[in-house]
Amino acid sequence: MKGIGIRNRLIGELLVAVAISLFASIALILLSIQFILNPYVTTYPTGFSTIKYNVMTFLVFSVAILTFILVFLIMVRKKIKYLRLISESVNYIASGKLGLTIGIEGNDELTQLAKNINEMSRELENRFNHARLVEVAKNELITNVSHDLRTPLTSILGYIDLLKRGQYSSNQLEEYIETIHSKTRRLKYLIDELFEYTRLSSPDVRLNLTEMDLARLLEQIVGEYIPVFENEQITVRKSIPDEEISISMDVEKMVRVYENLFMNAVKYSKKPSELKISLEKKDSQAILKVSNRVEKPPVSDINKLFDRFFRGDKARKDTQGTGLGLAISKRTVELHNGSIYADYKEGWITFIVEHSILR
């Protein structure tokens with residue numbers, strides 16, 4: 001409907017230009033008849049020459065036609081020039097110069113057309129850049145996953161080959177089987193992490209949102225992890241308010257985020273040490289902080305930990321690290337319109353998760 005309106009207004013303006021040009025031509029004809037042809041007939045009644053009269057009439061009408069064309073071109077020259085610019089710009093965009101924009105002149109229908117083309121050009125550029133980034137990310141994903149999957153798979157095949165050829169003693173059989181089982185579980189863990197990240201990265205991902213009391217949920221999760229913390233010589237200091245803090249969340253996915261933060265603390269904390277878990281309301285935000293003491297910062301830019309496949313020095317030696325855990329957590333929190341980031345200060349690394357509180 002908007003395009004039809006622009007077309008109708010443009011046709012209307014052209015018709016007005018035609019009408020004015022026609023009016024100017026008719027006026028010129030009338031003036032010519034009044035001041036040129038009529039005086040000629042009146043002045044030379046006996047010596048009237050049909051040929052001269054016809055020639056003069058032809059000249060009058062020729063000048064009138066030229067006047068019509070000239071007036072029309074004067075009235076539409078800016079639009080024609082602007083339309084040519086638009087046409088050339090569209091050709092450039094079609095040839096691959098995505099993001100090219102047309103200068104905005106005036107405030108008429110062609111201006112609106114130029115604005116629409118600019119929006120289209122920018123959108124095409126954004127989509128092209130996104131597609132290129134997706135392609136780069138896909139190649140990076142394949143490269144990293146291939147490397148991570150190859151290690152346990154090579155071990156599994158190696159031990160199976162030893163079993164097939166009977167190259168083991170009775171004492172080694174149980175050891176080989178246990179190693180194969182461990183490597184197989186590692187392989188499954190890697191595939192599950194990859195599948196979860198790929199699923200969350202899809203534009204079609206859907207959340208099963210429900211209203212949840214974040215304070216009570218955290219109390220429950222922390223309680224379940226107390227034996228794990230105690231076994232790792234980690235003392236928990238928690239500060240969770242008694243009041244209800246309601247947020248909208250996909251419980252299953254967000255629980256995984258919190259558990260991932262707790263397991264990171266278990267893996268990379270100094271032993272023995274403390275783990276601080278706090279939740280507070282600030283304006284319309286619920287802010288969760290998980291802090292643990294570390295030997296040294298894992299990386300100079302602490303928030304690089306959220307990059308895909310990024311691992312700190314210790315994680316490189318840890319065969320259980322995939323480099324996807326925190327990337328999955330970040331994507332999950334962002335899908336909930338929240339934010340997650342990290343901070344390092346005086347030997348403490350803190351992960352902060354911010355949620356919007358339901359009113």
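In which helix is asparagine 118 found? Asparagine 118 is in helix H3, residues 109-164. Helices (H or I, at least four residues) and strands (E, at least two) are DSSP runs, numbered from the N terminus.

This is a predicted model, in which local features need pLDDT of at least 70, side-chain atom pairs count only at pLDDT 80 or more, and totals for chains, interfaces and linings use all residues. Residues are numbered from 1 along each chain as its sequence is written, and side-chain values use heavy atoms, with hydrogens and water left out.

## Overview

The protein has eight helices and seven strands. Of its 359 residues, 32% are buried. Buried means under 20% relative accessible area, exposed over 50%, and partly exposed in between (1.4 Å probe, protein chains only). The protein exposes about 22500 Å², and carbon and sulfur atoms supply 57% of that. These areas come from the Shrake-Rupley method with a 1.4 Å probe; for residues, only the protein chains shown count as cover.

Contact means heavy atoms within 4.5 Å. Among contacts between residues at least 6 apart in sequence, 71% join residues at least 24 apart.

## Asparagine 118

Asparagine 118 counts as buried because its relative accessibility is 5%. Leaving aside neighbours within four places in sequence, asparagine 118 is in contact with Leu100, Thr101, Ile102 and Ile104.

## The cores and helix H6

A nonpolar core is a set of buried Ala, Val, Leu, Ile, Met, Phe, Trp, Tyr and Cys residues joined through side-chain atoms within 4.5 Å. The largest one has 40 residues. Leu214, Tyr258, Phe262, Leu279, Leu288 and Phe351 have the most contacts inside it. Elements that each supply at least two residues of this core include helix H5 (214-231), H6 and strand S5 (285-293). Apart from this core lies another, of seven residues, among them Ile86, Ile93, Ile102 and Ile117.

Helix H6 covers residues 251-268. Its 18 residues reach 26 Å from first C-alpha to last, close to the 26 Å expected at 1.5 Å a residue. That expected span is 1.5 Å times one less than the number of residues. Buried residues of H6 include Val255, Tyr258, Leu261 and Phe262. Leaving aside neighbours within four places in sequence, tyrosine 258 is in contact with residues including Leu214, Ile247, Leu288 and His355.

## Rings

Rings of Phe, Tyr and Trp (its six-membered ring) pair if their centres lie within 6.5 Å; planes under 30 degrees apart count as stacked, over 60 as edge-to-face and the rest as tilted. The count comes to four aromatic pairs. Phenylalanine 229 and phenylalanine 262 form an edge-to-face pair, 6.0 Å centre to centre, with 80 degrees between the planes. Phenylalanine 229 is in helix H5 and phenylalanine 262 in helix H6, 33 residues apart. Ring pairs link Tyr225, Phe229 and Phe262 into a cluster.

Lysine 276 lies over the face of tryptophan 348, at 4.2 Å from the ring centre. A charge sits over a ring if NZ of Lys or CZ of Arg is within 6 Å of the ring centre and within 35 degrees of the ring normal.

## Backbone in the loops

Most residues other than glycine have a negative phi, and most peptide bonds are trans. The bond from lysine 271 to proline 272 is cis, with omega near -10 degrees. Proline 272 is in the loop between H6 and S4.
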